[in-house]
Amino acid sequence: ERVALAIADFSRALEFAPRDVVVLLNRAAAFERAGQLAAARTDLDRVLAIMPAHEQALSELARLKQRQ
């Protein structure tokens, strides 16, 4: 499935740039599409650990919390 391939690609990219917030956000979105909400939340938490005031990550995390 394309989402699984995207997750694998983003994971590979994070091996080389583990603090890349764009890649983390993209992988979080892919995890969400795959129904892996806990993994999506983990990536959003990682973004916020790097950039605590990141508006998109804060917004996405709040939205995910409402879904669970």
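Val 47 touches Val 21, Leu 24, Leu 25, His 54 and Ala 57, leaving aside residues up to four places away in sequence; a contact here means heavy atoms within 4.5 Å. The model is a predicted one, in which local features need pLDDT of at least 70 and side-chain atom pairs count only at pLDDT 80 or more, while totals for chains, interfaces and linings use all residues. Residues are numbered from 1 along each chain as its sequence is written, and side-chain values use heavy atoms, without hydrogens and water.

Val 47 also belongs to the largest nonpolar core, which has 18 residues; Val 47, Ile 7, Leu 25, Ala 40, Leu 44, Ala 57 and Leu 64 touch the most other members. Such a core is a set of buried Ala, Val, Leu, Ile, Met, Phe, Trp, Tyr and Cys residues joined through side-chain atoms within 4.5 Å, where buried means under 20% relative accessible area with a 1.4 Å probe, protein chains only. Helices H1 (2-16), H2 (21-33), H3 (37-50) and H4 (55-67) each supply at least two residues of this core. H2 gives the most, with seven residues.

The protein has four helices and zero strands; helices are DSSP runs of H or I with at least four residues, and strands are runs of E with at least two. The radius of gyration is 11 Å, close to the 11 Å that the globule rule gives for 68 residues, so the protein is as compact as a globular protein of that length. This radius is taken over C-alpha atoms, and the rule is 2.2 Å times the number of residues to the power 0.38. Buried residues make up 32% of the 68 residues.

Conventions. Buried < 20%, exposed > 50% of the residue type's maximum accessible area, 1.4 Å probe, protein only.
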